[in-house]
Amino acid sequence: MVKIVSAVRKFTKDNEEHVRVYYTDGSEKIFNAFEWKALVKEGKDLWDSHPEEVSQIRSDIDVDPEKF
């Protein structure tokens, strides 16, 4: 199942940085800030390495947003 992030908030708990990630389906998840940064970097690297596929996905979303 694909989850779409709607918001991210940073916070400190027990002297450690964390992020709370909110998804469009109403769920949320807490990550260690370092882990979240690594996930975002991995996603960006993947995104940058497949520009044609990303363009196609964007086109598909424009045609039928309910599909996503």
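This is a predicted model: local features need pLDDT of at least 70, side-chain atom pairs count only at pLDDT 80 or more; totals for chains, interfaces and linings use all residues.

User: Is histidine 18 buried or exposed?

Analyst: Histidine 18 is buried, because its relative accessible area is 14% and the cut-off for buried is under 20%.

User: Which residues does histidine 18 touch?

Analyst: Leaving out residues up to four places away in sequence, histidine 18 touches Arg9, Lys10, Phe11 and Lys13, and also Ile30, Phe31, Asn32 and Ala33.

User: Let me step back. What does the secondary structure of the protein come to?

Analyst: The protein has two helices and three strands. Read from the N terminus, the order of the elements is β-β-β-α-α.

User: And what is its radius of gyration, next to that of a compact globule?

Analyst: The protein has a radius of gyration of 15 Å, whereas a compact globule of 68 residues would have one near 11 Å. The C-alpha trace spans about 45 × 30 × 15 Å along the principal axes.

User: How much of the protein is made up of buried residues?

Analyst: Buried residues account for 12% of the 68 residues. The protein exposes about 5900 Å², and carbon and sulfur atoms supply 54% of that area.

User: Which residues make up the largest nonpolar core?

Analyst: That core has five residues in all: Val19, Val21, Tyr23, Phe31 and Trp36. Strand 2, residues 16-23, gives the largest share of this core, with three residues. As background, nonpolar side chains tend to be buried together in soluble globular proteins.

User: What does tyrosine 23 touch?

Analyst: Not counting residues up to four places away in sequence, tyrosine 23 touches Lys3, Ile4, Val5 and Ser6, together with Glu28, Lys29 and Phe31.

User: Turning to the helices, where does tryptophan 47 lie?

Analyst: Tryptophan 47 lies in helix 1, which covers residues 33-49. Tryptophan 47 counts as partly exposed, because its relative accessibility is 45%.

User: With which residues is tryptophan 47 in contact?

Analyst: Setting aside neighbours within four places in sequence, tryptophan 47 is in contact with Val54 and Arg58. The C-alpha atoms of tryptophan 47 and valine 2 are separated by 15 Å, and these two residues are 45 residues apart along the chain.

User: And where is the place of isoleucine 57?

Analyst: Isoleucine 57 has its place in helix 2, residues 51-63. Its relative accessibility is 44%, so isoleucine 57 counts as partly exposed.

User: How far apart in space are isoleucine 57 and phenylalanine 31?

Analyst: From C-alpha to C-alpha they are 27 Å apart, with a separation of 26 residues in sequence. For the protein as a whole, 8% of the contacts between residues at least 6 apart in sequence join residues at least 24 apart.

User: Now the loop between strand 1 and strand 2. What is phi of aspartate 14?

Analyst: Phi of aspartate 14 is near 50°, a positive value in a residue other than glycine. Aspartate 14 is in the loop between strand 1, residues 5-13, and strand 2. Asparagine 15 is found in the loop between strand 1 and strand 2, and its phi is near 60°, also positive.

User: Are aspartate 14 and asparagine 15 buried or exposed?

Analyst: Aspartate 14 counts as exposed because its relative accessibility is 67%. Asparagine 15 is exposed as well, at 79% relative accessibility.

User: Lastly, how many positive and negative side chains are there?

Analyst: The protein has 11 positive and 15 negative side chains, and the centres of the two sets lie 6 Å apart.

Methods:
Residues are numbered from 1 along each chain as its sequence is written. Side-chain values use heavy atoms; hydrogens and water are left out. Helices (H or I, at least four residues) and strands (E, at least two) are DSSP runs, numbered from the N terminus. The radius of gyration is taken over C-alpha atoms; the globule rule is 2.2 Å times the number of residues to the power 0.38. Buried means under 20% relative accessible area, exposed over 50%, partly exposed in between (1.4 Å probe, protein chains only). Contact means heavy atoms within 4.5 Å. Accessible areas come from the Shrake-Rupley method with a 1.4 Å probe; for residues, only the protein chains shown count as cover. Lys and Arg count as positive and Asp and Glu as negative; His and the chain ends are not counted. The place of a charge is taken as NZ of Lys, CZ of Arg, CG of Asp or CD of Glu. A nonpolar core is a set of buried Ala, Val, Leu, Ile, Met, Phe, Trp, Tyr and Cys residues joined through side-chain atoms within 4.5 Å.
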